[in-house]
Amino acid sequence: MIDLHSHTHFSDGDLSPSRLLSRAHERGLEYLAITDHDSVTAFHTLRAERHAHASKDTNPDDSSTTSNASGTILRLPQLSGGLISGVEVSCQWEGLEIHVLGLFVDVDNVALTTMLQQQQQRRRERAAAIDLKLQRNGMTGLGAYLDTLPCDAISRSHVADFLVNQGHSKNKQHAFNKLIGRKGKAYVAAGWCEFADAIATIHEAGGIASLAHPDRYPLSRPRFRRMVEDYCEAGGDAIEVSYSNLNPGSLGHLAELCEKHELWATAGSDFHSPDHHWMDLGKIRMMPAACRHSAIWHHPAWQQHIGKLPAIVSAGGSEGSAISDA
Ligand code: AMP
Ligand code: MN
Ligand code: MN
Ligand code: MN
């Protein structure tokens, strides 16, 4: 199984990188990409831990414990294939928030780290502005709560947790609807980087840009088509065709879109938390047959960084079966 979209506690996921890897191991994943919102800290952390572990190792010939200094792929005992570097960048297109995944990005690339620092700064400023609005409405303590978190990309999901914990909202959905969502009284727009800038930076870091969860944006059909055209024009390489909670009709539609625009196809669960059983690691629909040739493992970058196809594909299994059925 392959999962190219997941989150850790460095953004709004619940698990630490090592707990996420344990879960990936339990679920039998071959390749995993951690794609935290505007952060590549999980990859840095796991790479540093791996190096520390490898340098302590007394048997340098044991290839299962060696690791290279790559900023794009990390061989780890929990994954039969490896960890692929990734990020999910929050961008804007015509004032709407669009998420673009960067896969195989070099996590040490300066253009990338500069952009992510700016995005994290925007997140801190927005959280402070939300805090002020909440305080004016009698809800205090957000800043102190956020200071206790390990994340470097503060999101509204954390704010929603705070509001639920404090009893101001009965659940997270309610917190978004009434307070921090677009129509909420503590809503603050984030001023994300432009769509085209995010794609250019992902490319500068050697990565592949993939449009995340394309059917989750509040867009009419004509506007959606225009957004995808602009995405292609800006150099977008791929779209996610399979992800959690995607209905089978949309899967076919996205596969067609891939063919029409000659985009590569990626798939990932968007895992955030073990509590979200509908969004577990690897729990995604099979890559459709229409994406046989456009599946991301045929991309030259996959060959460059990994050098072989996923096990099930090279073993002659159907291309679709490389991704688990939900
Ligand atoms: P942000 O990136 O700060 O705008 O926060 C958005 C994050 O909050 C998303 O990545 C989701 O994980 C989560 N989220 C967005 N909308 C909702 C919602 N209605 N209910 C619960 N979580 C949400
Ligand atoms: Mn999220
Ligand atoms: Mn997203
Ligand atoms: Mn995501």
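**Ligand surroundings, domains and cores of the predicted model**

The residues found around ligand 1 are Asp12, His37, Ser90, Ser155, Arg156, Ser157, Ala160, Lys172, Gln173, Phe176 and His272. The model described here is a predicted one. By residue type, the shell around ligand 1 is made up of two nonpolar, six polar and three charged residues. Two helices, H5 (156–165) and H6 (172–180), each contribute at least two residues to this shell. At the level of domains, at least three residues of the shell come from each of domain 1 (2–112 + 192–322) and domain 2 (119–180).

The chain is divided into these two parts, domain 1 (2–112 + 192–322) and domain 2 (119–180). Taken over C-alpha atoms, the centres of domain 1 and domain 2 are separated by 27 Å, and contact between them involves 13 residues of domain 1 and 11 residues of domain 2. On the side of domain 1 that touches domain 2, four residues are nonpolar, six are polar and three are charged.

The largest nonpolar core contains 76 residues, and those with the most contacts inside it are Cys91, Val100, Val241 and Ala265. Because domain 1 (2–112 + 192–322) and domain 2 (119–180) both give residues to this core, it lies between them. Another core, of 12 residues, lies apart from it and includes Ile130, Phe162, Leu163 and Phe176. Phe176 is also one of the residues around ligand 1.

When neighbours within four places in sequence are left aside, the contacts of valine 241 are Leu251, Leu254, Ala255, Cys258, Ala265, Ala267, Met287, Pro288 and Cys291. Histidine 253, which lies in helix H9 (residues 248–261), is 12 residues from valine 241 in sequence, and the two C-alpha atoms are 8.7 Å apart in space. Histidine 253 counts as partly exposed because it has 15 C-beta neighbours inside 10 Å. Helix H8 (residues 221–233), with 13 residues, reaches 18 Å from its first C-alpha to its last, which is close to the 18 Å expected at 1.5 Å a residue. H8 is followed by glycine 235, whose phi is positive and near 100°.

Aspartate 38, with a positive phi of about 50°, lies in the loop between strand S2 (31–33) and helix H2 (41–56). This aspartate 38 has 26 other C-beta atoms within 10 Å and is therefore buried. Glutamate 262 has a positive phi of about 55° and is placed in the loop between H9 and strand S10 (264–267). With 9 other C-beta atoms within 10 Å, glutamate 262 is exposed.

A further loop, between H6 and strand S7 (193–194), holds alanine 190. Since 17 other C-beta atoms lie within 10 Å of alanine 190, this residue is partly exposed. Leaving aside neighbours within four places in sequence, alanine 190 is in contact with Ser90, Arg122 and Arg126, and Ser90 is in turn one of the residues around ligand 1. Alanine 190 and alanine 127 are 63 residues apart along the chain, while their C-alpha atoms are separated by 9.2 Å.

Methods. Residues numbered from 1 in each chain as written. Chains lettered and ligands numbered in written order. Predicted model: local features only at pLDDT ≥ 70, side-chain atom pairs only at ≥ 80, totals over all residues. Core = buried A, V, L, I, M, F, W, Y, C linked by C-beta atoms within 7 Å. Buried ≥ 20, exposed ≤ 12 C-beta atoms within 10 Å, placed from the backbone. Domains from an automatic or database assignment. Contact = placed C-beta atoms within 7 Å. Near = placed C-beta within 6 Å. Helix = DSSP H or I, 4+ residues; strand = E, 2+ residues; numbered from the N terminus. Nonpolar A, V, L, I, M, F, W, Y, C, P; charged D, E, K, R; others polar. Expected span 1.5 Å × (residues − 1).
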